[in-house]
Amino acid sequence: MITLKVNGREVSVDADPATPLLYVLRDHLKLNGAKFGCGLGQCGACTVMLDSEAVFSCVVPVSAVGKRAVKTVEGLGTPENPGPLQQAFIEEQAAQCGYCIAGMIMRAQALLERSPSPTEDDIRAALAPNLCRCGTHMRILRAVKRASDKGSA
Amino acid sequence: MIARESRRRFLRETGALVAFFSLPCPRAQSQGASKALPGSLKGSPYLDAWIRIDREGKVTLFTGKAELGQGIKTALLQLAAEELAVPLERIELVTADTALTPNEGYTSGSRSMQDSGTAIRHAAAQVRALLVAQAAQRLGVSAESLSVSMGSIHALDGRTLQYGELVAGQVLHVQAEERSAFVEPGKRVIAGKSLRRVDIPAKVAGGVAYVHDLRFPGMVHARIVRPPSASATLVALDASEVERMPTVLKVVRDGRFIGVIAEREYECIRAARSLAARAKWEESASLPPRAHLYDALLRLPAEDHVIAESAAASPAGGKQVRAEYRRPYQMHAAIGPSCAVAELKDGKYTVWTHSQGVYPLRDALAELLAVPKEAVRCIHAEGSGCYGHNGADDVAADAALLARSLPGRPVRVQWMREDEHAWEPFGAAMVSRANAVLDASGTVAQFEYEVWSNTHSTRPGKAGNLLAGLHVAKSFEPPAPRPIPQPEGGGDRNAIPLYAFPGVRVVHRFIPQMPLRVSALRGLGAYMNVFSLESFMDELTLAAGADPVEYRLRHLRDARGREVIRLAAEKFGWSTWQRRPRAGRGFAFARYKNLAGYLALAMEVEVGRDTGAVQISRVVAAADSGEIVNPDGLRNQIEGGIVQSASWTLSEEVAFDDTRITSRDWAAYPILRFPAVPRSIEVHLVDRPGQPFLGTGEVAQGPTAACIANALADATGMRVRELPFSPPRLRRLFAAG
Amino acid sequence: MPARALLAISFAALLWNCALPVSRNLEERQPPAKSAFDPALVRRGAELAAVGDCAGCHTRQGSAPFAGGVPLRTPFGTIYGTNITPEPETGLGRWTQADFDRAMREGLAPDGRHLYPAFPYPYFRHLTDEDLRALYAFVMTRDPVRSPPPRNDLAFPFNIRPLVAGWNQLYLGKDDVPRDAAKGTEWNRGAYLVHGLGHCGACHSPRTALGAEKRGEALSGGEAEDWYAPALNRASPSPLAWTKEDLVTYLRTGIAEHHAIAAGPMQTVIAQLSGASEADLAAIAGYIVSMMDGAGARPLGAMPEAPQDERTAMGRRIYEETCASCHDSGRTLSSGGALQLPLAVALHDPDPRSLIHLILEGVQPPPGEPGRSMPGYAGALTKEQVVALLAYLRTLAAEAPPWKDLDPAVERAGAGR
Ligand code: FES
Ligand code: FES
């Protein structure tokens, strides 16, 4: 049994220690936010936060998580009660298929937590590890900016 | 006035219809009624195939189209809500499901609004009219005196009837009429507005949104071990150790088709990896030489189809311009690898799939599994954006085959990244040649264009279209590839210029033989043909010493086309643009398929010759897609198309050696990342209320490529005719001068 | 602090010795026309600029090559690469060939200002007239970009430019390009490129406290932006001897299957080298391999099983669960095989900095170009875990003496992110 703190809740999972955190979140904890995209740390679809850092959950073995707090997009709000960054994505309609979006939000969340008023170049640089195939980039940038302006106002 | 008049007439007619309806057998009046019905009503003429209302007044809307991330759910709900006068939230939408919805073929070709949108709008308007007529009869007042809101019908005297009270019997099981009375444009409150998409909240907050998120009791996980290359044959496989690995339930082997099923996903992946390491394959060098790909393509036998020909006297001594353009194999490259869940229970298969065509997939699966069609139900569940025919159908076949070996357990198969990159059917490599003669004023007198291409659709319908169908021991023959006929076209989509050239000859040289497996990728041949034609227009402009915008307008008669060109030029500030070092501007225009949406683009780029880097600084688009249902949704589609096409154009190319596909991940097949996406994109829309929906999903692919090529040429004086304009290629070209 | 004070004093002491050169009025000169240059000379210049990695310091944004602005973090503060496009106001547009030669050889701008030796004129001064002509032709035919470079951010006293004159007196003046007629033209050309234009020593040689190359220790290992730059002579840390072919491939593609994948500062060098001529690359590789003189024929086993202590045991587990799925199975199906770690040069370096940076930052191909990738593990692994992994890789995988002070090294690298 491995004990984890996920979205503020203590959970115990029965998983092989080498299992990437992604599969534990999706399969054991039935969370949908983190997505499988490549399993290689190249696309960011699986991005979650470990303490204050955005990480690729597909390349972090669950055994390495330890006491660090795991946060997924579910930890920011619900479809009915979205958190501020999620709300900004809704307001900007920043999704097409949306498959990349949960990862984008988590990486942006980590950015805003360490730098509440990033410039557009900062946002572009911070989101560079995450891919979007639908070309929603312009809206994602606007959404993150919208959340940041609000947060710092 | 006219609208009101026709509305009255319509109500009189439908009133008659309702009376007619008390006949015991409603199907009796169905014969021969559906010939000229609008949109997909042609194939599914009954209103209750589209809209059902139960006694509680609950409205259910059915569409055979699928949500692919294009926002179709919201747009269709808007149309239905508007015409039914029911709040959008109260309508439940059922999308593509072979057990429930109309068969609308594929969700492709930017046709969803045209097909399903049109059908639903008519059906909704007619359902409302039927209910109003019913209410009029019931209340003993005239239909004209009734008003409709929030799913109920009100009389002047205050009496109200709910929709649910009016739907007794088979009242909606009636064939649609050719014409409907729609809510007048000025009175619309839902359609035509930028409503927020209904699917986005779940997508930003981790709701169940994708087939990948489906979890059924008893569900198991599976992975496929594909051959290392398309022609590889399996020599040996020792699965015994893998079968003993933790949580592994089964290794399934059928010819070259190998799958492993396990209780747990990660354990399944590990088992698949270890199985892959144990499989011995024999491979042969069967791929064309990548360095001479285009020569190899041109040498393959081709069927020639002359798709446009009009003779004109060639002006003596006119200037002649020729050019050849090339496009490599490119990928759909969905961010989420293809996924499906299948279950065999009581002799029936249920398959949850993100296929673009649940009905054709059902037919192919039935053939693959050797069961009757009725024994297979395909239900659409969203996937990651697909942009055409990717691995969605193939993975559904994988899941169905594995479910067959484990009845009673839902089997979830997701491809790994390398499966998707190596095995999805690519967008076809193509070559085109253009040749024009100008008259003394620089105007085009004679224009010739040839395009060489494989097919652009190997979509299912047959088991031989499924990867697993090719890999099982008793393999299925892939159906002979065929060109998609004009006016839509496949490899020749948009090959016929929309410009009014006096002499035109366009030949589609269709290559049946496929060195690499290919199928529909967003825009099909239009990406390449618009890239070629609109690059060529600029080459002609240069030869004529003209301005790109003026030159296009000079040759274009189509009024709506002219309008988007003018609009894009004006909003971009074409005539006042200031030249700066390293910067260039480009222009491009097309009407997708020559019959769908119009798009004109103006763009500015900055080019680093020494790095080969192209940064798009500004894009201004002007689009006309007919009547607009959701302006923001339309903009979202166009912005996305521009960014995606920019990615194809600036860096994408499938890599292979003589045996294998070698671009098997994002490092080997890079796509645009945030720092490189355009600095800004503006989309200006021309709304055409009352005009047919024209479809938008694919309008940007071709113009974007040409626009980049033209801006690049403007910035550097170098015309690049081979895609992609990747940094290494541009560096080489610039270094060679 | 005392060290810093000492430096200041020694710098000040040198000050009396420097004569301020006369400045020249540049105002009226117009940039020469592109057509004034022979295209063949320009092409040759491009190849040489690739060897010189001019872009490494002078190109920050791909769409504005050579416009400067690349921050170079040195122990003395941050210096920004200048705009070397032929733009008259902010670039080199008004420079003559003579101005160019003087800057390259003496580190003096046309107005007489001293350039900081972060600009490698201590190496470039060896360039032949012919190569300088080609480079000038190349530079003057670039697309002009109007872009003033950011102000340097140097600590006192390093922000006093005339002090550089003293530095020059101290450190310049010796001819350090080996010559040996007996070794043939290619070898001599290689020596000239390595010690001159290629300025390999700028990173791969140890430096004095004042940032000059240590005499007599050329190419015996140095540093760049907190990465260790391995020795390119007998002290080469590579466990396998490099062949000339390996090295040519590495310089051309950044990949040497049995040694390393270029990362960090070397990645930008390699990106440029793809534009170098075959002959120059072969000369460089041949010379360096001759300097290595067969170094690195160490026997190496597979990844060892038995960990010695708790920390290496933890490192072993992390390796198994995090790294092994690529590095053990040699994932040939994705972007290419991952290195077999016991062979990877970074494990054999005398200090752990490069390996730490590799683990934390990973490797990404240049934007829009195919290449190899490895994800960075900063944030994914804790400091403690990275330290354990390093300890395991070093002592067990590389079978080398343990690195000291891993904790502060990881801390420092992580903080610089
Ligand atoms: S799935 Fe983790 S980075 Fe792609
Ligand atoms: S919205 Fe589809 S991948 Fe980003």
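Analyst: **A loop proline and the packing beyond**

Pro65(C) sits in the loop between α3 (54–58) and β1 (71–74) of chain C. The model is predicted. Is Pro65(C) buried or exposed? Its relative accessibility is 5%, so Pro65(C) counts as buried. Which residues does Pro65(C) touch, leaving out those up to four places away in sequence? From chain B come Gly608(B), Arg609(B), Asp610(B) and Thr611(B). From chain C come Thr59(C), Thr85(C) and Val145(C). Val42(C) lies 23 residues from Pro65(C) along the chain, and their C-alpha atoms are 16 Å apart.

Chain C has 417 residues, of which 53% count as buried. It contains 16 helices and seven strands. Take its contacts with a separation of 6 or more: 66% of them involve residues 24 or more positions apart.

Two helix pairs in chain C come next. The axes of α8(C) (residues 184–195) and α12(C) (residues 278–292) come within 7 Å. They cross at roughly 90°. That angle makes α8(C) roughly perpendicular to α12(C), because the class runs from 65 to 115 degrees. On the α8(C) side, the contact uses Glu186(C), Trp187(C), Arg189(C), Gly190(C), Ala191(C), Leu193(C), Val194(C) and His195(C). On the α12(C) side, it uses Asp280(C), Ala282(C), Ala283(C), Ile284(C), Tyr287(C), Ile288(C) and Ser290(C). By type, the residues of this contact are nine nonpolar, three polar and three charged.

The other pair is α10(C) (residues 244–253) with α11(C) (residues 265–273). Their axes lie 6 Å apart, at an angle of about 95°. These two helices are therefore roughly perpendicular as well. Tyr250(C), Leu251(C), Arg252(C) and Thr253(C) of α10(C) meet Met266(C), Ile270(C) and Leu273(C) of α11(C). This contact divides into five nonpolar residues, one polar and one charged.

Over all chains, the structure holds 23 aromatic pairs. One of them, in chain B, joins Tyr325(B) and Phe531(B), edge-to-face, with 5.7 Å between centres and 80° between planes. Tyr325(B) belongs to strand β13 (residues 320–327) of chain B, and Phe531(B) to helix α13 (residues 525–544) of chain B. The pair links distant parts of the chain, 206 residues apart. Both residues are buried.

Back in chain C, Tyr250(C) pairs with Trp242(C). How do these two rings meet? Their centres are 5.5 Å apart and their planes stand at 70°, so the pair is edge-to-face. Trp242(C) is buried, at a relative accessible area of 12%. Tyr250(C) counts as buried too, at 11% relative accessibility. So Tyr250(C) takes part in the α10(C) contact with α11(C) and in a ring pair.

Chain B also has a ring cluster. Ring pairs link Phe447(B), Tyr449(B), Tyr499(B), Phe501(B), Phe536(B) and Phe589(B).

Finally, charges over rings. Arg52(B) lies over the face of Phe62(B), 4.3 Å from the ring centre. Arg585(B) has its charged end over the ring of Trp574(B), 4.0 Å from the centre.

Definitions and conventions
Residues are numbered from 1 along each chain as its sequence is written. Chains are lettered from A and ligands numbered from 1 in the order in which they are written. This is a predicted model: local features need pLDDT of at least 70, side-chain atom pairs count only at pLDDT 80 or more; totals for chains, interfaces and linings use all residues. Side-chain values use heavy atoms; hydrogens and water are left out. Axes are lines fitted to C-alpha atoms, for helices over the stretch in contact, and angles run from 0 to 180 degrees between N-to-C directions. Helices (H or I, at least four residues) and strands (E, at least two) are DSSP runs, numbered from the N terminus. Angles under 35 degrees count as roughly parallel, over 145 as roughly antiparallel, 65 to 115 as roughly perpendicular and the rest as oblique. Contact means heavy atoms within 4.5 Å. Ala, Val, Leu, Ile, Met, Phe, Trp, Tyr, Cys and Pro count as nonpolar, Asp, Glu, Lys and Arg as charged, and the others, Gly among them, as polar. Rings of Phe, Tyr and Trp (its six-membered ring) pair if their centres lie within 6.5 Å; planes under 30 degrees apart count as stacked, over 60 as edge-to-face and the rest as tilted. Buried means under 20% relative accessible area, exposed over 50%, partly exposed in between (1.4 Å probe, protein chains only). A charge sits over a ring if NZ of Lys or CZ of Arg is within 6 Å of the ring centre and within 35 degrees of the ring normal.
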